[in-house]
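Trainee: Let us go through this model together. I will ask, and you answer from the structure.

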2 protein chains.
Amino acid sequence: MTIGQLAKLSNVNIDTIRYYEKLKLLPKPKRSKNGYREYNNDYNIKINYILRAKALGFTLREVKEIFNTNECEDLFELTSEKIKDVESRISNLNNLNKKLKFLLKKCPVTGSIDNCSIMKSILKTQS
Amino acid sequence: MTIGQLAKLSNVNIDTIRYYEKLKLLPKPKRSKNGYREYNNDYNIKINYILRAKALGFTLREVKEIFNTNECEDLFELTSEKIKDVESRISNLNNLNKKLKFLLKKCPVTGSIDNCSIMKSILKTQS
DNA sequence: CTTGACTCAGGACTATACTCAATACTGTAA
DNA sequence: TTACAGTATTGAGTATAGTCCTGAGTCAAG
């Protein structure tokens, strides 16, 4: 399978495949006489693997870690940390949301900016 | 006030001030004879303004929009959109969190990666 | 007068995950 | 044979929000 065929099969950009190879997320494939990369279906599986891990919020660096992990425990650890990270981000966003909604509630909506509560709130010394 | 003094006062990096000037978030200050930038306390206020808007989740581009906004309604609109954006991000993260926790619950925690539920789940065709 | 601290402008560098552009070579079909 | 589609490599560009570097000029103190 050429790189173009693999790209179509796994639904990613050709350059993405070469990029993953450069990052060592994908092993270097054999080359045919003309120098073209030659892939088999294992590469398709591995790419889908990467995409699924990404969809779970893992970065490419973390995906690489996952690939290099041999102990189940390590993967458990990695996933736990990811959960902590996600939860912290959720909590931050919830705080933001509360503040923004508070501002919005106080906004008079009409008139010049000088009377606007949102503007004033942002201006106030205390955030 | 020189740029260094302003930086110390408003607790940002010198380069950040020049950067904000380049982005037109801060007006170009007067220059003294030697070519140094000359600031007054209004700049300090404005920088703090920017920092607070940033803390509310606005990007610098949005802060600039806020500065150029004259109608309260527009600011209301901007803030509403920001809330929508934040809520959508929260919802995405909650989904991720659910999936990750599900994986974690199924993980046997000990043994080789071959028996690991997390690994298997990521590998499965359905994400 | 020299040293050290400060400032200037312009550009490079950081992280992330690609994507594109340029130039050259290869393979296939009409 | 010629055209076009595919592939190769290398390097640059995208977005965001800065930070750092370089080489040069400036200021104040000892």
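This is a predicted model: local features need pLDDT of at least 70, side-chain atom pairs count only at pLDDT 80 or more; totals for chains, interfaces and linings use all residues.

Trainee: Which residues are closest to DNA strand C?
Mentor: Residues are numbered from 1 along each chain as its sequence is written, with chains lettered from A and ligands numbered from 1 in the order in which they are written. A residue is near a strand if its C-beta atom, placed from the backbone, lies within 6 Å of it. By that criterion 18 residues surround DNA strand C, and the closest are Asn34(A), Thr59(A), Thr2(B), Gly4(B) and Arg37(B).

Trainee: Which helix of chain B supplies at least two residues of the surface near DNA strand C?
Mentor: Helices are DSSP runs (H or I, at least four residues), numbered from the N terminus. Chain A supplies residues through helix H2 (14-22) and helix H4 (60-68). From chain B, the helix is H1 (3-10).

Trainee: Which residues come nearest to DNA strand D?
Mentor: There are 18 residues around DNA strand D. Helix H1 (3-10) of chain A, with helices H2 (14-22) and H4 (60-68) of chain B, each supply at least two residues of that surface. The nearest are Thr2(A), Gly4(A), Asn13(B), Asn34(B) and Thr59(B).

Trainee: How many residues of chain A are in contact with chain B?
Mentor: Two residues are in contact if their C-beta atoms, placed from the backbone, lie within 7 Å. Chain B takes part with 44 residues, and the number in chain A is 44.

Trainee: Which element gives the largest share of that side of chain A?
Mentor: Helix H3 (41-55), helix H5 (72-106) and H6 of chain A each give two or more residues. The largest share, 21 residues, comes from H5(A).
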